[in-house]
Amino acid sequence: MATNYIQPGDVLTLAAPYAVASGAGMLVGGIFAVALAAASNGASVQARRGGVWTLPKLTSDDVTAGAKLYWDNTNKRLTLTSSGNTLVGAATAAAGTSATTVSVMLDGTVR
């Protein structure tokens, strides 16, 4: 067996880039993940890079199933707006303008 294998990579221990709640999205450099526990800024936290999650979204966005979703790191929410934001996955269900959250399938890709 190869001796340079470290781990599967779906859950990583990362330094929280800001205070995060359990279940909150976070962007660490080019890695987007969801915190599995609450952590203060700079503290180590386990975070999952993939899966389907319910996360906050920009309420004015009318999201359709399959739409690409981007992380707005300033406002800590998902949006349909690509400019200045980081692509993190795709919507698994529609979420209209009255919705404050959207279900997103994280693609786990490093940006």
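Me: Why is glutamine 7 called partly exposed?
Reply: Its relative accessibility is 38%. Buried needs under 20% and exposed needs over 50%. The value falls in between, so glutamine 7 counts as partly exposed. Bear in mind that this is a predicted model.

Me: Where is glutamine 7 found, and what separates its C-alpha atom from that of serine 98?
Reply: Glutamine 7 is found in the segment before E1. The two C-alpha atoms are separated by 40 Å. Along the chain, glutamine 7 and serine 98 are 91 residues apart.

Me: How many aromatic pairs does the ring rule give?
Reply: The count comes to one.

Me: What makes the rings of phenylalanine 32 and tryptophan 71 a pair, and why is the pair called tilted?
Reply: Take the distance first. The ring centres are 4.8 Å apart, and the cut-off is within 6.5 Å, so the rings pair. Now the angle. The planes stand at 50 degrees. Stacked needs under 30 degrees and edge-to-face needs over 60, so this pair is tilted.

Me: Why is this pair said to tie together parts that are apart in sequence?
Reply: Phenylalanine 32 lies in strand E3, residues 31–35. Tryptophan 71 lies in strand E6, residues 68–72. The pair therefore ties together parts that are 39 residues apart in sequence.

Me: How do you know whether phenylalanine 32 is buried or exposed?
Reply: Its relative accessible area is 7%. Buried means under 20%, so phenylalanine 32 is buried.

Me: And what settles the label of tryptophan 71?
Reply: Its relative accessibility is 1%. That is under 20%, so tryptophan 71 counts as buried.

Me: What makes lysine 76 count as lying over the face of tyrosine 18?
Reply: Lysine 76 is at 4.2 Å from the ring centre. The rule asks for within 6 Å, and also for a position within 35 degrees of the ring normal. Lysine 76 is placed over the face of tyrosine 18 by this rule.

Me: What is noted about phi of lysine 76?
Reply: Phi is near 55 degrees, a positive value in a residue other than glycine. Most residues other than glycine have a negative phi. Lysine 76 is found in the loop between E6 and strand E7 (77–79).

Me: Why is lysine 76 called partly exposed?
Reply: Its relative accessible area is 31%. That lies between the 20% and 50% limits, so lysine 76 is partly exposed.

Me: What of asparagine 73, and why does it carry the label partly exposed?
Reply: Asparagine 73 lies in the loop between E6 and E7. Its relative accessibility is 28%, between 20% and 50%, so it counts as partly exposed. Asparagine 73 is 16 Å from leucine 106, C-alpha to C-alpha, and 33 residues from it in sequence.

Me: Why is leucine 106 called buried?
Reply: Leucine 106 has a relative accessible area of 6%, which is under 20%, so it is buried. Leucine 106 is found in strand E9. The C-alpha atoms of leucine 106 and valine 52 are separated by 6.2 Å, though the two are 54 residues apart along the chain.

Me: What makes valine 45 buried?
Reply: Its relative accessible area is 3%, under the 20% limit, so valine 45 is buried. Valine 45 is found in strand E4.

Me: How many residues has the largest nonpolar core, and which have the most contacts inside it?
Reply: The core has 26 residues, and Met26 and Leu78 have the most contacts inside it. Elements giving two or more residues include strand E1 (11–15), strand E2 (25–28) and strand E4 (44–48). E3 gives the most, with four.

Me: How many cavities of 30 Å³ or more are there, and what lines the largest?
Reply: The count comes to one. About 50 Å³ of space lies in the largest cavity. It is lined by 11 residues; among those nearest its centre are Phe32, Leu87 and Asp107. E8 gives the most to the lining, with three residues. By class, the lining has four nonpolar, four polar and three charged residues.

Technical notes:
Residues numbered from 1 in each chain as written. Predicted model: local features only at pLDDT ≥ 70, side-chain atom pairs only at ≥ 80, totals over all residues. Heavy atoms only, no water. Phe/Tyr/Trp six-rings, centres within 6.5 Å; stacked < 30°, edge-to-face > 60°. Buried < 20%, exposed > 50% of the residue type's maximum accessible area, 1.4 Å probe, protein only. 1 Å grid on protein atoms, 1.4 Å probe; cavity = no way out; pocket = protein on both sides within 12 Å on 5 of 7 lines; lining within 4 Å. Points joined across faces, edges and corners; volume = space filled by probe spheres on them. Nonpolar A, V, L, I, M, F, W, Y, C, P; charged D, E, K, R; others polar. Core = buried A, V, L, I, M, F, W, Y, C linked by side-chain atoms within 4.5 Å.
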